[in-house]
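Hi there,

Here is the structure I promised to pass on to you. Have a look at it first, and then read on for what turned up when I went through it.

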Amino acid sequence: MRILLIHSDYLKYKTRNKTKIAEKIEDNKKQGLFENSLVVFTAVEKEDGADPQRIVENAVAEIMDIYQKVDPDNVVIYPYAHLSSSLSSPDVAKKILKGIESKLNEMDLQVERVPFGWYKSFEVSCKGHPLSELSRTITVEKKEEKKTTDGEKSKFFILDKEELHDPEKFQYESGDLRKLVLYELGKMESTGDEPPHVKLMREKKLADYEPSADVGHLRWYPKGRLIRDLLADYVYNLVTENGAMPVETPIMYDLADEAIRVHAEKFGERQYRMHNKKELMLRYACCFGAFRVLADSFLTWKNLPIGVYELSTYSFRMEKKGEVVGLKRLRGFTMPDLHTVCRDIDQSLEEFDKQILMCQKTGEDFQINYEVIFRATEDFFEENKEWMFDEAKRIGKPILMEILPERKHYWICKMDFAAIDYLGRPIENPTVQIDVESGERFGITYIDESDEEINPIIIHCSPTGSIERVICSLLEKTAVELNEKPPMLPTWLSPTQVRLLPIAERHIDYALKLAQDLKNSKIRVDVDDRQDTVGKKIRNAGKDWVPYVLVLGDNELESNDLMVNVRSTKEKISMSLDDLKERIHIETVHMPYRALPLPLKLSKRVNF
Ligand SMILES: [Zn+2]
């Protein structure tokens with residue numbers, strides 16, 4: 001296929017007459033005007049019929065390459081037979097042109113396709129900068145890529161008690177591990193179903209889609225914001241207790257910086273880019289900022305290992321439109337990101353070990369089951385087999401192992417932890433990665449004992465995975481366990497921990513007095529002072545997943561004993577207020593606390 005790419009101020013066309021091979025079109029396709037367009041004049045050729053799929057892929061790769069450099073508003077695909085003297089059949093041509101159109105659409109570009117097989121008049125105004133006129137020949141040859149060839153695929157094993165097993169034959173005791181394996185090996189059939197957390201995040205007034213932003217960007221309501229903040233506090237405490245130092249760095253970077261450009265290219269196409277006078281990229285993780293800070297710091301071997309931590313509110317990834325869903329896959333997300341500088345591989349292995357414990361702890365604290373994938377290059381695996389087996393042993397259950405024939409990314413070894421959602425798909429959460437490239441690329445150095453400057457090894461770690469995915473996992477878990485227990489969040493994350501239900505008007509003052517007492521003891525409490533029946537108030541507390549609910553009537557006014565409805569066990573327990581406080585404090589010990597940022601009285605609440 002031949003293509004001619006013109007970056008134009010505008011393209012204007014009008015259909016005149018049909019040829020015999022003209023495609024049927026609606027009236028609105030008979031003419032068009034597209035401003036700031038990358039116009040792709042195309043001629044599909046005879047040999048393209050051998051592998052139309054490949055031609056579509058290669059053409060899209062070329063178009064995307066130019067698209068990212070010139071940043072047009074539209075891409076216009078214009079059939080233009082005059083570019084070749086060896087044309088394909090009209091059917092093949094239409095198939096390929098439509099294929100290119102839909103592929104670009106999937107990438108969320110504004111794409112227009114000018115009708116095939118019509119005589120047209122057109123006017124195009126070329127911008128005239130150096131990249132505004134380019135021609136390319138697209139063949140079925142795969143674009144030269146550094147990726148491994150098909151013959152060198154990763155090998156997968158189940159590692160159980162220091163033995164490697166074939167994943168296809170392994171006797172799985174854990175359904176979750178089996179699901180993870182099926183997914184990783186590409187053997188899980190996709191369903192278009194929406195995971196249940198999407199409905200829950202809306203129903204519980206935590207978060208919702210924001211139609212006025214790009215897809216995959218959410219608005220958060222006060223309860224959701226509170227949970228996010230508590231989780232942010234949680235990770236902050238965890239990493240700083242383990243010695244990390246918090247920093248904050250910019251969200252956008254200049255691609256003119258060689259190190260940043262190369263690191264960004266490793267990540268591929270899924271980036272937000274902006275072209276003003278500079279070519280800028282929105283960060284997809286905190287790596288860039290951390291590396292720049294570390295590169296400008298004076299480090300000696302005595303400082304190491306040293307960790308810098310940032311919670312990226314936000315990081316950005318241009319995920320495919322069709323894949324963006326709820327809290328699981330977003331274009332704007334919040335990632336806790338720890339970067340640890342280690343003097344050499346040995347020190348990085350020691351650190352890796354500690355960071356795995358951190359990741360495991362988050363699973364325990366959130367009561368989320370993680371399944372584990374341990375990945376390494378073949379070289380690393382051969383050299384560090386013992387160590388890898390030891391690390392796997394710490395997980396205490398069989399794990400999936402991927403051995404890569406050679407290094408494709410900046411890491412040589414990584415461990416990924418995934419929760420499994422209601423539909424049986426992994427939610428990738430914590431990760432630890434050993435990076436052997438970035439130290440050198442970003443000019444990070446330390447001075448060793450003999451006064452030499454050395455490039456360190458860097459570990460990337462997110463001990464929880466993105467905050468959104470943690471909430472996703474917690475909500476999905478309630479759906480998975482619906483038949484076993486009442487859905488709820490852990491008490492330390494529940495926006496309302498105790499709800500007081502005064503039966504009548506005359507019990508409200510008493511309820512407010514108790515509420516103040518609980519508040520003073522750092523317990524999130526509210527009072528349902530609305531004029532509903534007790535039955536309805538109890539049902540509403542249930543819908544809000546409130547862990548402890550107290551009905552207050554004449555009996556309670558007269559005695560010290562309170563009847564407490566415990567959501568997690570469905571019990572009704574009589575206890576004093578002090579007993580209740582103690583119970584909640586024990587349940588939430590070591591977990592962060594924040595006050596409830598909502599009116600105490602439910603009658604004053606806004607319905608978001
Ligand atoms: Zn990183």
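Let me begin with the overall layout: the centres of domain 1 and domain 3, taken over C-alpha atoms, are 64 Å apart. Please keep in mind that this is a predicted model. The domain assignment gives domain 1 as residues 2-137 and domain 3 as residues 491-604. Domain 2 is assigned in pieces, namely 155-161, 175-186, 196-248 and 284-476. Along the principal axes, the C-alpha atoms of the protein fill a box of roughly 95 × 70 × 50 Å. The protein has 608 residues, and 38% of them are buried. It contains 16 helices and 28 strands. Of the contacts with a separation of 6 or more, 76% are between residues 24 or more positions apart.

**The sheet and its helices**

An open sheet of 10 strands runs in the order S8-S7-S18-S17-S19-S20-S23-S16-S15-S11, with mixed pairing. Its edge strands are S8 and S11 (245-246), each of which pairs on one side only. Inside the sheet, S17 and S18 run parallel and are joined by five bridges.

Helix H5 (residues 222-241) lies across S11, S15 and S16 (332-342), and runs at about 160 degrees to S15. Helix H8 (residues 345-366) lies across S16, S19, S20 and S23 (457-462), and its angle to S20 is about 160 degrees.

Which of its residues are buried? They are Leu177, Lys179, Leu180, Val181 and Glu184, so you will find a lysine and a glutamate in that list. The buried residues of H3 pack against S7 (155-160), S17 (371-377), S18 (399-404), S19 (411-420) and S20 (426-435). Just after H3 comes Gly186, with a positive phi of about 70 degrees.

**A pair of helices**

Now to H1 (residues 52-70) and H2 (residues 90-106). In general, two packed helices are described by the angle between their axes and the distance between the axes. H1 and H2 pack at an angle of about 45 degrees, and their axes are 9 Å apart. That angle makes H1 oblique to H2. The crossing of H1 and H2 is right-handed. On the H1 side, the residues that meet H2 are Pro52, Ile55, Val56, Ala59, Val60 and Ile63. Their partners in H2 are Val92, Lys95, Ile96, Gly99, Ile100, Lys103 and Leu104.

**Backbone details to check**

Two cis peptide bonds came up. One goes from Leu304 to Pro305, with omega near 0 degrees, and Pro305 lies in the loop between H7 (287-295) and S15 (306-316). The other goes from Thr313 to Tyr314, with omega near 10 degrees. Tyr314 lies in S15.

Lys161 has a phi of about 50 degrees and is found in the loop between S7 and S8 (163-165). Is Lys161 buried or exposed? It has 10 C-beta neighbours inside 10 Å, and the limit for an exposed residue is 12 or fewer, so Lys161 counts as exposed. His590 has a phi near 70 degrees and sits in the segment after H16 (577-587). His590 is exposed too, because 8 other C-beta atoms lie within 10 Å.

Last, a word on Val566, which is found in S27 (residues 562-566). Leaving out residues up to four places away in sequence, Val566 touches Tyr548, Glu571 and Ile573. Where does Asn276 lie relative to Val566? The two are 290 residues apart along the chain, and their C-alpha atoms are separated by 57 Å.

Terms used. Residues are numbered from 1 along each chain as its sequence is written. This is a predicted model: local features need pLDDT of at least 70, side-chain atom pairs count only at pLDDT 80 or more; totals for chains, interfaces and linings use all residues. A residue is buried if 20 or more other C-beta atoms lie within 10 Å of its own, exposed if 12 or fewer, and partly exposed in between; C-beta atoms are placed from the backbone. Helices (H or I, at least four residues) and strands (E, at least two) are DSSP runs, numbered from the N terminus. Two residues are in contact if their C-beta atoms, placed from the backbone, lie within 7 Å. Domain bounds come from an automatic or database domain assignment. Two strands pair if DSSP finds at least two bridges between them. Axes are lines fitted to C-alpha atoms, for helices over the stretch in contact, and angles run from 0 to 180 degrees between N-to-C directions. Angles under 35 degrees count as roughly parallel, over 145 as roughly antiparallel, 65 to 115 as roughly perpendicular and the rest as oblique. A crossing is left-handed if the near helix is turned anticlockwise from the far one by less than a right angle, and right-handed if clockwise.
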